[in-house]
Amino acid sequence: MIQIVIEPAQFEYDVQSLVQAFYPGHPFKVHQDVSNFFRRLKIQFTENKIIAELSDQEKILGKEECVWDCSRLDGEFRRKTKNVLKQIVYKLLSADTHQTLSWGTLTGIRPVKIPALMLREGKSEDEISRVLRETYFLSGEKQNLVMEIAKRQEEILREIPYENGYSLYIGIPFCPTTCLYCSFTSYPMKRYENQFEAYLCAVFRELEVLSKQLQGKILTSVYIGGGTPTTLHADQLKRLILKIKEQFDFSTVREFTVEAGRPDSITKEKLQVLKQNGVSRISINPQTMNQGTLDFIGRRHSVEQVREAFRMARACGMDNINMDFIVGLPGEDENMVRHSMEEAKALKPDSLTIHSMAVKRASRLRMNQSGYDDLQFQNDEALMNLTASYAEEMGMKPYYLYRQKNMAGNQENVGYAKPGYEGLYNILMMGDKQTIVAFGAGSVSKKVHSDESTVRCENVKDIDQYIERIEEMIGRKQILFTGS
């Protein structure tokens, strides 16, 4: 057990994330008495100094401090104070563990925003690299990665008048089964199939009301995600797409994505519905091409079904197909990851999204953790580099990136694409570049201001509650987007 004592508490999240990165697998408690602790991290703010002290049961193991004006902890000064705090905590934990982190002190989910902002300010690449290295302690490889992505995104967005626009997200929270690691709003299809119609009616109601509030604004991209949208029947999928097009002006839409996701939900009829109704991009997401892993994590489909779904999509005219894979799945080693990449290479997708395994609190894996004590989640920079090399062999370049808590190996999620096949919605959403108006249970709308600060509005996750309280969900978004 690791005990963390920090005042003021507003920096708790950042410190916790660093502790978890340096001591993976060790539970921790904040501001709670722990009689038998492995490490105690105590952080104190004085009038003109920040002090961090690390100890075990017997002695002080190390101490770091920095002269700093702690009288102001708001606005821009708060950000600078947070960076200084994380630097001294990083040095302390690095000395104790004799290791460094490739992502340095960065614990937020959008590291690309740092070089992106500095590029817009006219900073040189050398200046940006120096900040990434000296302020955030990034490794050379991560510096190069975020710089490359920031420059690529700037080039892509230069051609798109996205600033005065918005994008749509429609969530379909049903799946054939719920994967062991999943924490998304997802309900087993067989148990909830009789609620598909009621759910769609609620989504349609949201679309009808909010579309009126958004008239005159420019729609840039549309993303139907989940869950697995293709759990809907073909006629329901068609009605959903036609309803969106009826309510919103698609003349400015640059990209229309449907996350087909699970191959066991894909049929020729559904693919034809997508193609005939203007869907320009789909995702077929096996996560792994190792059958034993698929069985263990609860994905009740075969590797051959993945291949067949992909070939069927190509035959239906789908010319922009993404595939998702997860590195760090339980029990998978380098050879298994390499096998998945070889299988992907043979299929020739247009883009790849490589996720690092993250064990979320709401997943079955975390809630039943005692039953999975012996599981190994192998991920490191070498494995991520392996997937990057395969993406490069397929003619793809990295174009978006984000990070999450509890990621195996403290790594990242990266999207790779062939030139011209980058997922625009992913760039806009993950970079806080544009307002996202979201519909459906568990979806999160996000109003983005000119300085890229955001205000969020969440729909309830429970399907029954979402249907029953649909007018409340609509009212929340009306306040967010119109102030009334």
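Me: How much space lies in the second largest pocket?

Reply: The structure is a predicted model. In this model, the second largest pocket holds about 380 Å³ of space. Of the 18 residues that line this pocket, Arg120, Tyr162, Glu163, Lys433 and Glu452 are the closest to its centre.

Me: Which element supplies the largest share of the lining of the second largest pocket?

Reply: Helix H5 (140-158) does, with five residues. Helix H3 (113-120) and H5 each supply at least two residues of that lining.

Me: I now turn to helix H12. How should I read the directions in which the residues of a helix point?

Reply: An α-helix has 3.6 residues a turn, so residues three or four places apart point the same way. In this structure, the buried residues of H12 are Val337, Ser340, Met341, Glu343, Ala344 and Leu347. They cover an arc of only 155 degrees around the axis, and therefore lie on the same side of H12. Asn335 and Ala346, on the other side of H12, are exposed.

Me: Against which elements do the buried residues of H12 pack?

Reply: They pack against helix H11 (303-315), strand S12 (321-327), strand S13 (351-356) and helix H14 (381-393).

Me: What span should H12 have at 1.5 Å a residue?

Reply: The 14 residues of H12 (residues 334-347) should span 20 Å, and the end C-alpha atoms are 20 Å apart, which agrees. At the start of H12, a side-chain oxygen of Asp333 comes within 3.2 Å of the backbone nitrogen of Asn335.

Me: Is Ser351 buried or exposed?

Reply: A residue counts as buried under 20% relative accessible area. Ser351 has a value of 0%, so Ser351 is buried. This residue lies in strand S13. Among the residues that Ser351 touches are Arg281, Met323, Met396 and Tyr421.

Me: Where is Gly227 placed, and what is the form of the peptide bond from Gly226 to Gly227?

Reply: Gly227 is in the loop between strand S9 (218-226) and helix H8 (234-247). The bond from Gly226 to Gly227 is cis, with omega near 15 degrees.

Terms used. Residues are numbered from 1 along each chain as its sequence is written. This is a predicted model: local features need pLDDT of at least 70, side-chain atom pairs count only at pLDDT 80 or more; totals for chains, interfaces and linings use all residues. Side-chain values use heavy atoms; hydrogens and water are left out. Helices (H or I, at least four residues) and strands (E, at least two) are DSSP runs, numbered from the N terminus. The expected span of a helix is 1.5 Å times one less than its number of residues. Buried means under 20% relative accessible area, exposed over 50%, partly exposed in between (1.4 Å probe, protein chains only). The arc is that of the directions from the helix axis to the C-beta atoms. Contact means heavy atoms within 4.5 Å. A polar contact is a pair of N or O atoms within 3.5 Å; within protein, one must be able to donate a hydrogen and the other to accept it, and residues adjacent in sequence count only if both atoms are side-chain atoms. On a 1 Å grid over the protein atoms alone, a cavity is a set of points where a 1.4 Å probe fits but cannot get out, and a pocket is an open set with protein on both sides within 12 Å along at least five of seven lines; lining residues have an atom within 4 Å of a point. Grid points are joined across faces, edges and corners, and a volume is the space filled by probe spheres set on the points.
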